[in-house]
Amino acid sequence: MDYFLLKQSGTVSIPKASVSEASDPLAPSVRVMDHVDPLDKFDYISREHLISDRLKLLLELYLPRQAWRACVFIDSQRKEQKTFWFLPALTYRPQRVTAASNGMPAAVYVKEQDFAKKAPGILRVRSPKGMVYYLLHLSVAESILRRGICGLELVRLGADKMYTGIPVEDVW
């Protein structure tokens, strides 16, 4: 089965969460920034696994009935805001995940009877080094590429071919 590692393309600085946010894990995270415009270039921010509204709309098709937590970035001087969403913690665990020498996932094995039933098109895996990674099935990756989602990279597991979110015509 074809899975892709979800990675951020490029860099963006975002403020850290306040200490008081830890008290309520479902409450929205509100963070003040000088300029929220740089966030327009990203639909995925890997530091905290944040996704944009438009990527959330797509992923909700593959992750129904999930509790999504908002992260709102506010520019109070310009009176602008951008909303991102934390990717939910997923309960399904693949049968096996093989890690590369750097700890990143290199291959994933999902039980055949689980595929398209128990196993969602999006998997959350933890590396032996404690890092959390999200893996997307080919069907989800294709949907992302068709919609022109930006600021992310899709790295095929078990291959060195990398697919970027934009432009689609250069990928296929």
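Helices and strands here are DSSP runs, numbered from the N terminus, with at least four residues of H or I for a helix and at least two of E for a strand. The model you are looking at is predicted, so local features are reported at pLDDT of at least 70 and side-chain atom pairs at pLDDT 80 or more, while totals for chains, interfaces and linings use all residues. Residues are numbered from 1 along each chain as its sequence is written, and side-chain values use heavy atoms, leaving out hydrogens and water.

Let's start in the loop between β9 and β10, where S127 is found. S127 has a relative accessible area of 9%, so it is buried; buried means under 20% relative accessible area, exposed means over 50%, and partly exposed covers what lies in between, using a 1.4 Å probe and protein chains only. Setting aside neighbours within four places in sequence, S127 is in contact with G103 and Y133, where contact means heavy atoms within 4.5 Å. P128 is found in this loop too, between β9 (122-126) and β10 (132-137), but P128 has 72% relative accessibility and therefore counts as exposed. Not counting residues up to four places away in sequence, P128 touches A99 and G103. P128 and T98 are 30 residues apart in sequence, and their C-alpha atoms are 10.0 Å apart in space.

Two other loops hold residues with an interesting backbone. H49 lies between β3 (44-45) and β4 (50-52), and has a positive phi of about 55 degrees although it is not a glycine. K79, in the loop between β5 (69-75) and β6 (80-86), likewise is not a glycine and has a positive phi of about 60 degrees. Are these two residues buried or exposed? H49 is buried, with a relative accessible area of 16%, whereas K79 counts as exposed at 76% relative accessibility.

Now turn to helix α1 (residues 53-62), where L55, K56, L58 and L59 are buried. Seen down the axis of α1, these buried residues fall within an arc of 165 degrees, so they line one face of the helix; the arc is that of the directions from the helix axis to the C-beta atoms. L57 and L61, on the other side of α1, are exposed. What do the buried residues of α1 pack against? Their partners are β4, β6, β9, α2 (138-146) and β11 (152-156).

K56 also brings us to the aromatic rings: its charged end sits over the ring of W85, 4.4 Å from the ring centre. A charge sits over a ring if NZ of Lys or CZ of Arg is within 6 Å of the ring centre and within 35 degrees of the ring normal. The charged end of R96 sits over the ring of Y109 in turn, 4.0 Å from its centre.

Rings can also pair with each other. Rings of Phe, Tyr and Trp (its six-membered ring) pair if their centres lie within 6.5 Å, and planes under 30 degrees apart count as stacked, over 60 as edge-to-face and the rest as tilted. By this rule there is one aromatic pair. The ring centres of F73 and F84 are 5.9 Å apart and the planes are at 80 degrees, so the pair is edge-to-face. F73 lies in strand β5 and F84 in strand β6, so the pair ties together parts that are eleven residues apart in sequence. F73 and F84 are both buried.
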